[in-house]
Each structure stands twice: as C-alpha cells, then as structure tokens.
Amino acid sequence: MDLVVDAGGTALWGGRHVRCALGRAGVVPARDKREGDGATPAGRWTMREVLFRADRLGEIVTPLACRELAPDDGWCDDPKDPAYNRSVTLPYRAHCEHLWLEDHVYDVIVPLGYNDNPVIPGHGSAIFLHVARPLFTPTAGCIALALPDLLALLREAVPGSAVRVRAD
C-alpha cells in the first residue's frame, strides 16, 4: 500500500484523505532536487524502516523494521562526506542533522528510499516521513503527517510500502 501525496498537501491511503506538510519550496522532479533547497522530490520512495522515540511513544505497531532512536543518532547531510544521506552516530566529523529533538517532529521518522541506492552527493538527503508540526508548517523537504495519521499508516503498511509524491 502506498501513501499518495499531492503537491497541495493532501495524502491518501486506504481510501482516507489526510492533511500533510511538504517542503517549503514545494515539490520538484527528483532530477532537480538539491541539498538544502527545501523541496520535496516527486517520485515513489520506499519506506525503509521506522525510527522512533520509545521514551515518548512506547512501542510502535507496524510490520516494518523498527529501531528505537537514541540521543546520539544523526543523519549526515554533508555531500562531501562518505556517509552522506546515511545514519551516523554523534558526534560526527561532518555536518549532520540531529534526530533526537526536543520538539516532537522526529518522535517517529521513516527514512524514505530517496537518493540512497546509489547515493549521489548533493542530490538531497534526509528525506523522511515524520510528524507534522501543529499548524502543518512546511518542512525542509520531508513529508509530514499528524501523529495519529502517521501511526495509523504504519500499522497498515507492509514491507515494500512507499510514499508516492505527485508533482500535480
């Protein structure tokens, strides 16, 4: 089952329409995506695993592979580093995004299969499905859902499920 997202901020799965937040620069063709541009890449991106804050949420119910987040989890977003667009342990020698945040945006993170096989330096990193801010403010390029919607989606997802971002 895929989560289908349109450029207007609506997501659809299992016959349900829900609100979502997208990148502050809108949706762009994947070939045009660049590191730091604030755009969400159009295309179909497999849900790789579920990372979550067990201290806040307990266990996550999903058939997808899961891993509890730790305070030293990061994601490398430095195109010059060999670990670009990969999970790393902090502190790390290159620039990284911290995944253990005070706000609740990264209480659940689903890394998507964008620019990861193979990784192309500079074409964008850390494209996640994660928790939306209360007013669905734009993301840095990710797709964000309200926590109840994200948890419901993860309960119904199966290995191979993906997020399909449409440019129209």
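In this predicted model, the side chain of N115 reaches the backbone oxygen of G124 at 2.8 Å. N115 lies in the loop between β11 (108-111) and β12 (128-131). With a relative accessibility of 9%, N115 counts as buried, because the cut-off for buried is under 20%. Leaving aside residues up to four places away in sequence, N115 touches Y84, N85, I120, H123 and G124.

The table sets out the two pairings.

| Pair | Residues of the partner | Sense | Bridges |
|---|---|---|---|
| β1 and β2 | 10-13 | antiparallel | two |
| β1 and β14 | 162-165 | parallel | four |

Within these pairings, V4 has L12 of β2 as its bridge partner, while D2 stands opposite A162 in β14. The hairpin of β1 and β2 has four residues between the strands, and G9 there takes a positive phi near 95°.

In a regular strand the side chains alternate between the two faces of the sheet. In β1, D2 and V4 are on one side and L3 and V5 on the other. These residues are all buried, so both faces of β1 are covered.

Conventions:
Residues numbered from 1 in each chain as written. Predicted model: local features only at pLDDT ≥ 70, side-chain atom pairs only at ≥ 80, totals over all residues. Heavy atoms only, no water. Pairing = 2+ DSSP bridges. Buried < 20%, exposed > 50% of the residue type's maximum accessible area, 1.4 Å probe, protein only. Polar contact = N/O pair within 3.5 Å; in protein donor to acceptor, adjacent residues only side chain to side chain. Contact = heavy atoms within 4.5 Å.
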